[in-house]
Each structure stands twice: as structure tokens, then as C-alpha cells.
Amino acid sequence: MAIHFANNTNENQDLYSFPAFVPNMKDVLYEFNDQTLDLGYIKKHKYGEKALQLAEKAINASSPANRICSLSGDFVKNPQDYIFMGLLTSDEEEELYFYNFLTLDRNNLDKWIERKHFVRVAEEFIASDKWKDLGEFKYLQDLIDQVS
Amino acid sequence: MDDSGFSITAEDVADTVLDFVPIAGGVKDIYKGIRDGDGWQVAMGAGFVVLDVFTLGSASLVKGAVKTGVKVGGKALARNAARGVNVASSTGGRVLPMTVQKIIPQGSKISDIVNDVKGMTWMTGNEHAVVRLANGQKAIVSGGSGGISFKHGQIRTLFGHTHPTSAPPSLGDYNALRQLGQSRQYVLHGGQVSLIRH
């Protein structure tokens with residue numbers, strides 16, 4: 001929950017509210033996670049443009065109209081069946097990158113031929129100390145558990 | 001006296017200290033709820049006690065990210081509300097003014113409120129929050145895909161809010177607690193519920 005005060009000094013500022021789209025504290029984009037920032041600052045930032053692009057992707061991919069299972073192409077109607085991967089890593093060099101923003105219907109997991117591969121890649125990512133959660137909820141581990 | 005001109009009383013300090021004590025913090029909420037005729041606070045207090053009993057005061061509670069800060073209750077909230085507060089959402093770049101979706105009737109069960117707010121979030125993809133309005137009524141409110149903008153005096157308490165995906169509580173969620181002068185709030189993210197406090 002990013003927060004800013006709508007006072008006189010920022011009324012005319014061009015602000016952007018990033019969604020909570022970076023669950024990994026070790027990701028270079030984490031500083032943008034769930035923050036409301038000045039667009040000028042974002043544009044000048046080394047990772048600003050990338051953060052904007054991936055934030056927009058996250059917004060679009062998780063919008064109600066786009067809750068479409070990547071395996072079946074069908075709409076996920078039940079929230080209990082909805083699995084959304086979110087931004088797992090912003091590093092294109094990582095294998096995990098290709099699973100970003102994947103939408104799955106829990107009922108179709110048996111059809112997912114990359115299932116074991118994803119679990120292995122995700123587990124290796126954690127084991128390599130590339131992931132850190134802010135609190136006790138383990139985001140990536142939870143995804144592994146959900147699809148296993 | 002802080003920078004807003006409000007003083008921090010001994011009761012504020014004691015209140016804050018109690019918030020950090022497992023079970024006692026919940027009992028305090030129950031007491032205050034009964035004293036003030038606030039069923040929601042009674043229910044929240046009971047929830048905290050149960051949570052603390054089952055987790056020994058730690059599990060599922062995300063602690064430590066914001067380690068300091070003395071709660072000044074409604075005083076700090078009033079200070080912030082006087083400026084107007086935008087609570088940015090977990091799903092976007094557009095903030096819209098608070099819209100009341102539903103007044104929560106007296107005696108409502110927390111489970112029903114949680115189901116309502118989760119359902120509304122799922123249907124719209126927008127952030128929702130459970131608040132106490134300026135007139136004392138509890139309500140479910142919504143914003144835009146970018147968050148909820150609260151104007152001066154619109155709300156007195158923010159009990160919790162939703163993340164439309166399973167994205168966990170963020171540093172911003174902790175900062176919001178501090179800036180709103182509250183000690184804790186619920187964050188509903190996907191099928192998960194996290195209680196965060198400082």
C-alpha cells in the first residue's frame with residue numbers, strides 16, 4: 001500500500017502508483033514495489049522504464065478480463081482455481097523469467113508439461129539465495145507448493 | 001508535542017506498548033470495543049487473541065519491518081486526514097476517490113465482511129478497503145485500479161485492504177500504518193490473509 005499525501009506540494013506532480021508487483025526483495029525493481037513516485041524520478045532512474053513496463057504488464061495480466069488459463073485458453077471463473085505467477089524475476093537471463101505473469105487454472109495443472117521444470121527452476125532460484133520475502137508469507141515457495 | 005501540534009499522552013504510549021504484547025493487545029481491543037459499543041473492534045480483538053494463542057504471538061504476523069513509531073491514535077490520523085491521503089493500490093497506476101460500496105451493519109460477522117471484500121475485489125480487480133467512516137459507520141469502500149484516495153475527514157480508521165493478486169504485504173503497507181497513525185491492519189492477498197503491525 002503505497003501512500004502519499006495529497007497536499008499542495010504534490011497536487012501538480014505527475015505521480016505513478018506502482019502495484020505490488022515485485023514480491024522478491026532481492027530484485028533490482030523492488031524499490032518500485034507498491035510505491036507512489038514522481039514520474040520524473042522514475043524516468044531518470046536506471047530501471048525506471050523497465051519498472052513501468054513490467055508494472056503495466058502485471059496490471060494487464062492480472063485484470064479480470066485477462067484471467068485466461070495459459071494451458072486451456074479458458075477463462076478462470078473460480079477464484080479458488082486462479083493461479084497467477086506475477087513478476088518472478090526482472091532478469092531476462094534467468095530461466096524463471098519465462099514464467100512471469102503466467103496464469104493457470106488449478107484444474108488444468110495435470111496438463112502442464114513444464115510443471116516439473118518450473119518447480120526445479122524455482123527451487124534452484126531459492127536455493128541460490130536469489131529470493132527474499134519481506135514477511136513470513138513465502139511467495140515463490142507458495143507457488144511451488146500450489147503447482148506441485 | 002509532535003510536528004502537527006498534537007501531544008502524545010501516557011495513554012497513547014501505554015496503548016502502543018500493549019499492542020506489542022501477545023494476547024494483551026487483543027484483550028485491550030475487546031475492552032475498548034465493549035466500552036465504546038464497537039462490535040467490529042470487539043471482533044478484531046477476539047481475532048487477535050485467537051491468532052496469538054495459536055501462533056504464540058508471532059506466526060503469520062509480519063513483524064519488524066517497521067520497528068519504531070509511537071502510535072498517536074486518531075490524532076495522527078486526523079493530522080494526515082487533514083491533508084488528504086491517497087492509498088495506492090496493488091494493481092495499478094490510477095487512484096480514484098473513495099466510493100462507499102456497502103455500509104456494514106452492526107453485528108456483522110468478520111467472515112462475512114472478508115467474503116464480501118474478497119468477492120468485490122475479484123469481480124472488479126480494484127482495491128477495496130474496510131474502514132470506519134467519519135460518521136462512525138463501518139463500510140467497504142473501493143477505489144480505482146491505482147488505489148483509493150481519502151479526502152479530509154472521510155475516514156477515521158483503515159481496518160484493512162486487499163491486494164487483488166497474491167502479492168504479499170509490502171514496505172508501503174507498513175509505511176501506511178505509520179503514516180495513518182495505526183498500529184495494525186489486515187492485508188488480504190489472493191486467498192491469504194496477513195496481519196501486519198509495527
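# Chatting through a two-chain predicted model

User: What's chain A built from, helices and strands?
Analyst: Chain A has four helices and five strands. Residues are numbered from 1 along each chain as its sequence is written, and chains are lettered from A, with ligands numbered from 1, in the order in which they are written.

User: What pattern does chain A follow along the sequence?
Analyst: Chain A reads β-β-β-α-α-β-β-α-α. Its C-alpha atoms fill a box of roughly 55 × 35 × 25 Å along the principal axes.

User: How many of its residues count as buried?
Analyst: In chain A, 37% of the 148 residues count as buried. Buried is 20 or more other C-beta atoms within 10 Å of a residue's own, exposed is 12 or fewer, and partly exposed is in between, with C-beta atoms placed from the backbone.

User: Which residues have the most contacts inside the largest nonpolar core?
Analyst: They are A:F21, A:A51, A:L54, A:A55 and A:A58, in a core of 35 residues. A nonpolar core here is a set of buried Ala, Val, Leu, Ile, Met, Phe, Trp, Tyr and Cys residues joined through C-beta atoms within 7 Å.

User: And which elements give two or more residues to this core?
Analyst: In chain A, those are β2 (15-17), α2 (48-61), β4 (82-84), α3 (115-127) and α4 (139-147). α2(A) gives the most, with six residues.

User: Which residues of α2(A) are buried, then?
Analyst: A:A51, A:L54, A:A55, A:A58, A:I59 and A:A61. What covers them includes α1 (39-44) and β5 (103-105) of chain A.

User: What about the span of α2(A)?
Analyst: The 14 residues of α2(A) should span 20 Å at 1.5 Å a residue, and the end C-alpha atoms are 20 Å apart, so the two agree. The expected span is 1.5 Å times one less than the number of residues.

User: Back to A:F21, what is it in contact with?
Analyst: Leaving aside neighbours within four places in sequence, A:F21 is in contact with A:N33, A:L54, A:A55, A:A58, A:G86, A:L87 and B:A167. Contact means that the C-beta atoms of two residues, placed from the backbone, lie within 7 Å.

User: Switching to chain B, how many helices and strands?
Analyst: Chain B has six helices and 10 strands. Of its 198 residues, buried ones make up 40%.

User: Is B:A129 buried or exposed?
Analyst: B:A129 is buried, because it has 28 other C-beta atoms within 10 Å. It is found in strand β5 (residues 128-133) of chain B. Beyond four places in sequence, B:A129 is in contact with B:V141, B:I148, B:L158, B:G160 and B:H161.

User: Where is confidence lowest in chain B?
Analyst: In helix α4 (residues 73-83), at a mean of 33, while strand β4 (residues 99-104) is highest, at 96. Over residues 51-84 of chain B the pLDDT is below 50. pLDDT is the predictor's confidence in each residue, from 0 to 100. Where pLDDT is low, the predicted coordinates should not be read in detail. The mean for chain B is 67, and 51% of its residues reach 70 or more.

User: What ipTM does the complex get?
Analyst: The predictor gives an ipTM of 0.85, and a pTM of 0.73.

Terms used: Predicted model: local features only at pLDDT ≥ 70, side-chain atom pairs only at ≥ 80, totals over all residues.
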